[in-house]
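I opened this entry to note what I looked up, chain by chain. My notes follow the structure.

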Amino acid sequence: MVESPHEPWSKPVAPSDRRDAVATLLQRRADRYGRPNARGDAEVESLVHFTRAGSSFAVSISELTTIRRVSSLTIIPGVSGVVRGVVSIGGRVIGVHDLAFAMGLAADLPPELWLLVGADACGDMALLADSVTQVSAEAGESWDPAPVSSSLPAAALRGVRQRVLWLRLASLRASPAFFCA
Amino acid sequence: MSNETDYDIQARKRFFRITEEDSERVRTLRAFADANLEDVVASFYGHLMDHPATLKILGDDETIARLRRTQSAYFREMLDGVYDDEYMAVRLRIGRTHHRIGLGPEWYIGAYLAYVDEVMKRLMPDEKSDQMRSLLKVIFLDMSFAIDTYVGALVGQMQGLEQLFTTEISGFSHKLNDSINRIVSVAAELASTTSQQAATASQLATTTVEVRQSALESRDVAEGVMAKTEEAVAASGQGLEAVDQALKAMTAMQEQVALIEDRMGALEERMQEVGEIIDSVNEIADQSKLLALNAAIEAARAGSHGRGFAVVAGEIRNLADQSRTATRRVRQLLEEIHTSARAAIAATQDGAARADEGSALAQRAGATIEALTTVVAASTDGARRIAESSRQQGTAVAEIADAMAGIEAGTAQTASALRETEDAARGLAEVAQAMNDFINTFRGDDESRGVSGGVR
């Protein structure tokens, strides 16, 4: 897994520092790509691909604790629209978050709910998915940096490739914008 | 008494007391005649020529000379003493000659008296003879008067008969004229009518020939129609058989359609069961995939120790995906089969409906063909009757044509006979006219005879 020392858009930095950081990052990528057979098993991650509201997403399997299918949710009144409800898994009540709401996409609840369950600093969370399409082994360097989004925290976007947005589950709830989209 | 046979000369001689002695005594006068006859005859004609009535009868000198010779012979015959039938015939012929020349009995008797007077004057020249001569004159006068009476009665009777005859003949002639005129008129009318009749008969004969030709054509047409209708009857029978077969085929098809519907229903039930199985397989695949995903998660959490488990989880996930793909394909195939089955059912039901319609149409066609067969059979019978009637009509018309030819010939004969009748009637008219002329002439003679006869 390739990871930059810091996210360039995660916090405000000076332009000069940004240029330095980018240059450092590019240099490190250049070094890596220029080194034959440098790609080792440790740099490969397994990604779980899923879809929601017509968009494709991926998340590292290492951030997931389980994947469940449920037929209904328990609706919690007065909460953000991102939280479509809660579900009980293993005796724990877990909030179900909807990326469609966070990204401003109108979508109803699918008849069969896929839940990708993980955890961040605040505890367990679940992402609502229409379907889980595949599991792939990916190298982080082969993904493009994701553009700035007004609805998702920059730290939650690890990259983008072929219309698939690679999310970092642990950083999704780090920004109020996720809940206020 | 104009017929000589009516005379009985013997009875007349007996009544006149003429005996053989008288005959002998008369024959003794021949010598007297030889000596005096010429003078007697001359005196006799002298006496006749002294009177205008007899002079007119005697005529010219040549005739008088001839009469004097015959008169002498006449007198000598009296002296022969033979008074038989021949004598009587000669005397009657002389009387007819007198009548023809207009010498009436009064002049005849008077002339005979002159004869007797001349003979007696020469034969017995004495006073007694003169007395006798005078008495004979008176007797002859009386005789002339008496004969006049007889003749007048006869003439009156004859005139009455003539009047009756002319009246009857005139009436008959008028009636005959009327009848002839009517005959001529009727004959002319009949001739005209006969001519028209002949023309009509000729036209009728022509029309009869045309009617006969028409009847023959009608017979041919009717026979043609009869043949066609018989063919139609046969075709109707074949049509009914075909309809019956079609109905059987329709029924069999309806049974097959019902069987197909049943089998299609069973197939649909099986497909539903397969669909349920697919759902189960899908569910199993989804559950396997879910388990594989969670196994992969667990393997990831186990770090390097879970790497082999992750591979197994990946294979299981792939199998689950392949199962899902296979079941999706199977479902797709099932849906296609289902769609095809539904289309087949719909087509079968449509076919069944069409079969029902076809069956109904076939039944109606059968009923129509049966009705048509009845009608065609009736038409055949009608055509047969028409043909028979036309044949009889042709025969009858031929007989009529023969009869018309006979009528035409008879009419021609009638016309010819009428022309002859007309000619005969005209001949009768001419005869009637001649009769009228004759009757008129007769009337005219009546008047002249009354004057000349002196019968008044």
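**Notebook: loops, a helix pair and a chain contact**

I began with Arg17(B), which counts as exposed because it has 7 C-beta neighbours inside 10 Å. My cut-offs: buried means 20 or more other C-beta atoms within 10 Å of a residue's own, exposed means 12 or fewer, and partly exposed is in between, with C-beta atoms placed from the backbone. The model is predicted, so I note that local features need pLDDT of at least 70 and side-chain atom pairs count only at pLDDT 80 or more, while totals for chains, interfaces and linings use all residues. Residues are numbered from 1 along each chain as its sequence is written, and chains are lettered from A and ligands numbered from 1 in the order in which they are written.

Arg17(B) sits in the loop between helix H1 (9-15) and helix H2 (20-27) of chain B. I looked up its phi: near 60°, positive in a residue other than glycine. Helices here are DSSP runs of H or I with at least four residues, strands are runs of E with at least two, and both are numbered from the N terminus.

In chain A I checked Gln162(A). Its phi is positive too, about 50°, and it is not a glycine. Gln162(A) is in the loop between strand E9 (157-161) and strand E10 (164-167) of chain A. With 7 C-beta neighbours inside 10 Å, Gln162(A) counts as exposed.

Next came Arg27(B), in helix H2 of chain B. Arg27(B) is partly exposed, with 13 other C-beta atoms within 10 Å. Leaving out residues up to four places away in sequence, Arg27(B) touches Leu79(B), Asp80(B) and Gly81(B); contact means C-beta atoms, placed from the backbone, within 7 Å. The C-alpha atoms of Arg27(B) and Met78(B) are 8.5 Å apart, across 51 residues of chain.

Then the helix pair. How do H7(B) and H8(B) pack? Helix H7 (residues 105-123) and helix H8 (residues 127-301) of chain B meet at about 165°, axes 9 Å apart. Axes are lines fitted to C-alpha atoms, for helices over the stretch in contact, and angles run from 0 to 180 degrees between N-to-C directions. That makes H7(B) roughly antiparallel to H8(B) (over 145 degrees; under 35 is roughly parallel, 65 to 115 roughly perpendicular, the rest oblique). Among the contact residues are Leu113(B) of H7(B) and Phe140(B) of H8(B).

Last, the chain contact. It takes 9 residues from chain B and 11 residues from chain A. On the chain B side, H8(B) gives the most, with 7 residues.

Note on methods. Two residues are in contact if their C-beta atoms, placed from the backbone, lie within 7 Å.
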